[in-house]
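Please read the following report alongside the sequence and the coordinates.

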Amino acid sequence: MSEAQFYTFFTGGLGLLIAAALMIAWQLWRIRDEERDGAISALDGVSHEMRINLQRFVNEIAQLVETREAGPDVLLPVQHPQLDGVNASLIKTNRNAIAVIGATYQELEARKMALRAALAQKRDLTPSLDDAMDATINGIATLYMWEEHAGVRPAEAGTVRSWHVRDWMKAHGFAASSFPGMHLRDEVVERLRQYGLHLTPRPLTHTAHEYYSMQYDRKADPRAPFWKRKPKSEEVMSVAVADEAADFMEDDMDSGFEEAVYGDSPTPSEEVDAALAEIEAMDDDLPDEEDAFSDEDSDANRLPN
């Protein structure tokens, strides 16, 4: 093999090696992209599956409330193949949220079994219906945290407007009047708040009168609205009494000192009053300024005899 043939063989082999490496990398990237799309689709399927189960349960409860004589076959079993597939696969996701969804399904199935037993035995459905409604509210709250906040803990989701939760429920078909005698959207908002989600605005705990009455202290303006002050504490009352007693003692000492020094003679204040009265009397005896000026003018204009 000549040198030219060797270099040709070497260059061709190196080119084939580079092409093979590029093909392998492209295949690996394609497989990874497909796995990512499959994981996203599977997680979206978990949301869709749970939403369908919850909507079905809401309709079943509404039907039982309207017709108490329905049979156990009204309640369909809860199926969640998407969730089972995610649990069986190695999809990278929030496993804590997946566990919460699984526990929610178990609660829904338990409430359905209780309703089936009550229907089969012809017992009162009110307690079982209340438990089923409560489980449905928990399920909707869990679905909201899964879809909107990736299943994080409610305390870690930050601050959320309550209207965002209501709009989400409206978009998913959860009507406010789905349950009789209950506002479903308000109940879900309150349940999320109980779980630790920071929802704004916060509910009012005081009326305007109570709130503004709490803001006034003992130094508030007595002519302000509501005209209320906080009661003085014992320490403040004791200090005030001591100050009044000290002022009273100082007044007694001043009056006793004046009597001891001056006796029956007038006090300095009386002497000042007498001096002012004499000055006023002297001012009354003096001629007026207008008369004085008129006399001076007449004397200046008078011709000599």
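The report below begins with a pair of helices and then turns to the core and to selected residues.

**Helix packing**

This is a predicted model, and the description starts with helix α3 (residues 95-120) and helix α4 (residues 126-149), whose axes come within 9 Å and cross at roughly 160 degrees. Because angles over 145 degrees count as roughly antiparallel, α3 and α4 are therefore roughly antiparallel to each other. The crossing of these two helices, α3 and α4, is left-handed. On the α3 side, the residues that make the contact include A97, I98, V100, I101, T104 and E107, while among those contributed by α4 are S128, L129, D131, A132, T142 and W146. Sorted by class, the residues in the contact of α3 with α4 comprise 12 nonpolar, 6 polar and 3 charged ones.

**The largest nonpolar core**

The largest nonpolar core has 49 residues, and within that set I140, Y144, V165, L184, V188 and L192 touch the most other members. At least two residues of this core are supplied by each of α1 (3-66), α2 (81-88), α3, α4, α5 (162-171) and α6 (184-195). The largest share, 11 residues, comes from α4. When neighbours within four places in sequence are left aside, L192 is in contact with A141, Y144, M145, V165, L197 and L199.

**Individual residues**

I101 has its place in helix α3 and is buried, with a relative accessible area of 0%. Apart from neighbours within four places in sequence, the contacts of I101 are V46, M50, L83, T142 and W146. E156, by contrast, lies in the loop between α4 and β1 (159-161), and E156 is exposed, with a relative accessible area of 53%.

| Residue pair | Separation along the chain | C-alpha to C-alpha distance |
|---|---|---|
| I101 and W146 | 45 residues | 8.5 Å |
| E156 and G196 | 40 residues | 8.6 Å |

Conventions. Residues are numbered from 1 along each chain as its sequence is written. This is a predicted model: local features need pLDDT of at least 70, side-chain atom pairs count only at pLDDT 80 or more; totals for chains, interfaces and linings use all residues. Side-chain values use heavy atoms; hydrogens and water are left out. Axes are lines fitted to C-alpha atoms, for helices over the stretch in contact, and angles run from 0 to 180 degrees between N-to-C directions. Helices (H or I, at least four residues) and strands (E, at least two) are DSSP runs, numbered from the N terminus. Angles under 35 degrees count as roughly parallel, over 145 as roughly antiparallel, 65 to 115 as roughly perpendicular and the rest as oblique. A crossing is left-handed if the near helix is turned anticlockwise from the far one by less than a right angle, and right-handed if clockwise. Contact means heavy atoms within 4.5 Å. Ala, Val, Leu, Ile, Met, Phe, Trp, Tyr, Cys and Pro count as nonpolar, Asp, Glu, Lys and Arg as charged, and the others, Gly among them, as polar. A nonpolar core is a set of buried Ala, Val, Leu, Ile, Met, Phe, Trp, Tyr and Cys residues joined through side-chain atoms within 4.5 Å. Buried means under 20% relative accessible area, exposed over 50%, partly exposed in between (1.4 Å probe, protein chains only).
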